[in-house]
Structure formats: structure tokens, C-alpha cells
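This briefing concerns a structure with its sequence, shown directly below. Please read the points that follow alongside the coordinates.

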2 protein chains.
Amino acid sequence: MLLCYAPNSRAVRVAWAMEELGLDYEVERYTVGDRNLRTPEYRAKNPNGRVPTLIDGDVTLFESGAIIQYLLARYSDGSLVPDVNSPEFPVYLQWFHYTEGMIMPQMNNLVVETILLPPEKSSAVHAKRATKLLTQILAAVDDHMKDRDYIAGDFTGADFMIGHSVVMSGRMGADLSHYDNLRAYAERIEARPAFQRAENK
Amino acid sequence: MLLCYAPNSRAVRVAWAMEELGLDYEVERYTVGDRNLRTPEYRAKNPNGRVPTLIDGDVTLFESGAIIQYLLARYSDGSLVPDVNSPEFPVYLQWFHYTEGMIMPQMNNLVVETILLPPEKSSAVHAKRATKLLTQILAAVDDHMKDRDYIAGDFTGADFMIGHSVVMSGRMGADLSHYDNLRAYAERIEARPAFQRAENK
């Protein structure tokens, strides 16, 4: 398998999943905003010129949630996903999907305003609004994490999505000062050796 | 089951899935931006005060992708989801997740600027940028839909997500004039009786 990867991007989630699953994979390394992501060769793999992209034989996928669900379905032997009829299953789904549905749209806006746009086009008002919304959206995750180590019982695939987005939210300036549960969760994620390896591919 | 619903929201996707699956459900009706979504009673179901929310016995879910994956896993008897080892399975996942990962963040920004913000706080520059990005992001879906009626072979659960977002993109002002495949796909979706029922709950 080949993973098109950049540090500090959603590709870290995918590398982390592959590390936890013990999968063999090659890495093609880029940076966020890399001009090499805009070449016709790269766009043939991923039409929007972003990372991650996973190539597994005939299969090409370029959406982190899709890649992680795919890897778990084909390569986890049933581990890291709660049984469909267990009480943890809906919890797993809720927070797996909350990542891209609620957290990342605010993170995207923040990254656009603070990193991607040239200063003359960026807006401090919009950056501030995105940071405030990102912080607000994380309140529900902090409540959920009360008395929990991981999102849905034991460590699961939902942690790849939301764990990574919580860590990145803190680094990007979301205010976690009132979110004791989330700060502890982020530390727990960052302490995992597979997460550390994934951040440094 | 109880579905907290508003017309012209992501709740339509969920109602559509329930209609296609032939499930019995009650509807609690709201409107987008409804003050009744901000009450403590409603926030006990959904801390962010949005729709959809699904309540199924002890289970409460409030993310459309999670709800649809949940309904399919527990109530579809294996229909509407390609077999894990079929070539359609990764295709199904790719476009299921593309909806919230790529399309809806632009749609959210467009709705914020054109509907939710008061005129003195909204920005024509940002509305225009969101419309342009939304149109660009749909190019990959249009390419994918060449010679296809539905996203992943026969009609599947991925169509609930992306079919609804394509229909809504056109209505919100995305420029579909060069996307012949998408316009035909949107018409195919809108012609389904279950979709029509879901829009009018």
C-alpha cells in the first residue's frame, strides 16, 4: 500500500491507523499546500490535490474517514470496531462522524485564514470566529469524555478521527483551558507510540 | 424511533433513508435556525442545538452520517451497502465520506453568509468564495458519475449522503451548468418517491 502523506494533515490519522493495525505501507511525502500536489500526475490520484491519498492495488481513496473505515473493514479482523449490536456501536459512529461533520469545518476555516490565504486576503474577524466556533463545538466531546479514556469503550477506530482532531485543535489555538477531559484525552493520544510514529513519517 | 427534523436540512437525508428502508418513525418538526432548537430540553438531546437528531430507544445520535450508517447496519438486512470485499465497497466509502469531508464545509460557509448571519455581519466576498469552492469540489463527483446512475453500482446508502448534498448544492447556487452528469443525477434523486416524502415531513 502507498500512502500520500503530509505532516500536520489528515494523513497523520491514516498513518496512525496503519501503525496501530501493523500494516506494511510506503509513504510518499508532501507538505500541506505543496505545489507537487497540484501536478497532473498527483491529480490523477486525487482530483482535489490534497492528502491523504491511499493506493491499495486497484483501490484509490482520498478521504480520511473513508480510508480509515476501509482499512478497518478489510484489515482489522474485527478489532477496533464495536460489534454492531453492542451499546458502544452507536457511540463509535456518533463521534467518528462528528470529526468531519462538526470539528473539521471550523478547523478548515481557521487554516484557510491563518495559513493558506495571503495576509492581504485573510480576515482576523473570520479567524476569530472560527476559533470560537471550534472551541464551542469541542464542548460536547469534552462532556462525552467524562470518566472515559477513549471515545467508545476500549481504544477504537473512532479515536483515529476524533483523537487526531482534538490534538490538532489544541495546537491550532482552540481554547481547551476549561476542557479537562479533552486535555487529558489529547495527552493520552500523544503518548501512543503509533501516533508518534505517524506524526514523523 | 423519533426523528428531530427540519426541511432543507441534513435531516432530510435521514428521513429519506428511513423512507427507503420502510422504517416506522415519528417526526418532531423544526425549522433551520429555530429558537426551539436552543432550549435546554432540546440541547439535552443534541448539545449543539441542530438537526437531525435520532432517538431509537436508549440510543441518541446527532450526526447525519452516523445516523445513516447506524440505520443501515442495524436495519437494512445487508441491503444498500456493498459487500466489504466487492469492488464497489471502497467506492461507496469514498463518496459517502466526501459529502461531509469536502462538500458540506463549503455549503456550511455559504449558508452562514447568506442565511444565518445578519446582513451587517455577512460578507459578499466570503459567500462568493464559498460558492466557487463548492462548485469546484463537485467537479470530482461529476467525473465519477460519468456513465453511472448511482454512486456505487445500484442505489446505496452513499446516495443518501451525496445525492442529497448535490441536490442542495444546485438549489443553493452552485454552478452545475458544466456538470451534465450531476444535473442528471440530481433529477434522478428528486424523482424518487421516498426522497419526495422525506422533503415534506
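The structure is a predicted model, in which local features need pLDDT of at least 70, side-chain atom pairs count only at pLDDT 80 or more, and totals for chains, interfaces and linings use all residues. Residues are numbered from 1 along each chain as its sequence is written, and chains are lettered from A and ligands numbered from 1 in the order in which they are written.

**Relation of the two chains**

- Chain B is superposed on chain A by a rotation of 180° with 0.0 Å of shift along the axis, at an RMSD of 0.0 Å; this is the relation of a two-fold axis.
- The superposition of copies is by least squares on the C-alpha atoms of residues with pLDDT of at least 70 in both.
- Among the residues of chain B, B:Pro105 comes closest to the rotation axis, with its C-alpha at 2.6 Å.
- Both copies use the same surface, as 100% of the contact residues of chain B recur in chain A.

**Interface between the chains**

- In the interface, 27 residues of chain A are in contact with 27 residues of chain B, where contact requires C-beta atoms, placed from the backbone, to lie within 7 Å.
- On the side of chain B that touches chain A, at least two residues each come from strand S4 (59-61), helix H3 (64-75), helix H4 (88-116) and helix H6 (139-144) of chain B.
- These elements are DSSP runs numbered from the N terminus, with helices (H or I) of at least four residues and strands (E) of at least two.
- H4(B) provides the largest share of that side, eleven residues.
- By class, the side of chain B that touches chain A has 16 nonpolar, seven polar and four charged residues.
- In this division, Ala, Val, Leu, Ile, Met, Phe, Trp, Tyr, Cys and Pro count as nonpolar, Asp, Glu, Lys and Arg as charged, and the others, Gly among them, as polar.

**Domains of chain A**

- Chain A is divided into domain 1 (2-80) and domain 2 (88-192), with bounds from an automatic or database domain assignment.
- The C-alpha centres of domain 1 and domain 2 of chain A are 20 Å apart, and their contact takes nine residues from domain 1 and seven residues from domain 2.
- On the side of domain 1 of chain A that touches domain 2, helix H1 (11-21) and helix H3 (64-75) of chain A each supply at least two residues, and H1(A) gives the most, with four residues.
- The residues of that side of domain 1 of chain A comprise six nonpolar, two polar and one charged.

**Helix pair H1 and H3 of chain A**

- The axes of H1(A) and H3(A) come within 9 Å and cross at roughly 15°, each axis being a line fitted to C-alpha atoms over the stretch in contact, with angles from 0 to 180 degrees between N-to-C directions.
- H1(A) and H3(A) are therefore roughly parallel, a label for angles under 35 degrees.
- From H1(A), A:Arg13, A:Val14, A:Ala17, A:Met18 and A:Leu21 make the contact, together with A:Ser64, A:Ile67, A:Ile68, A:Leu71 and A:Tyr75 of H3(A).
- This contact of H1(A) with H3(A) has eight nonpolar, one polar and one charged residues.

**Helix pair H7 and H8 of chain B**

- Helix H7 (residues 157-172) and helix H8 (residues 180-190) of chain B have axes that come within 9 Å and cross at roughly 110°.
- That angle makes H7(B) roughly perpendicular to H8(B), the label for 65 to 115 degrees.
- The contact of H7(B) with H8(B) divides into six nonpolar, two polar and two charged residues.

Definitions and conventions
Contact = placed C-beta atoms within 7 Å. Parallel < 35°, antiparallel > 145°, perpendicular 65-115°, else oblique.
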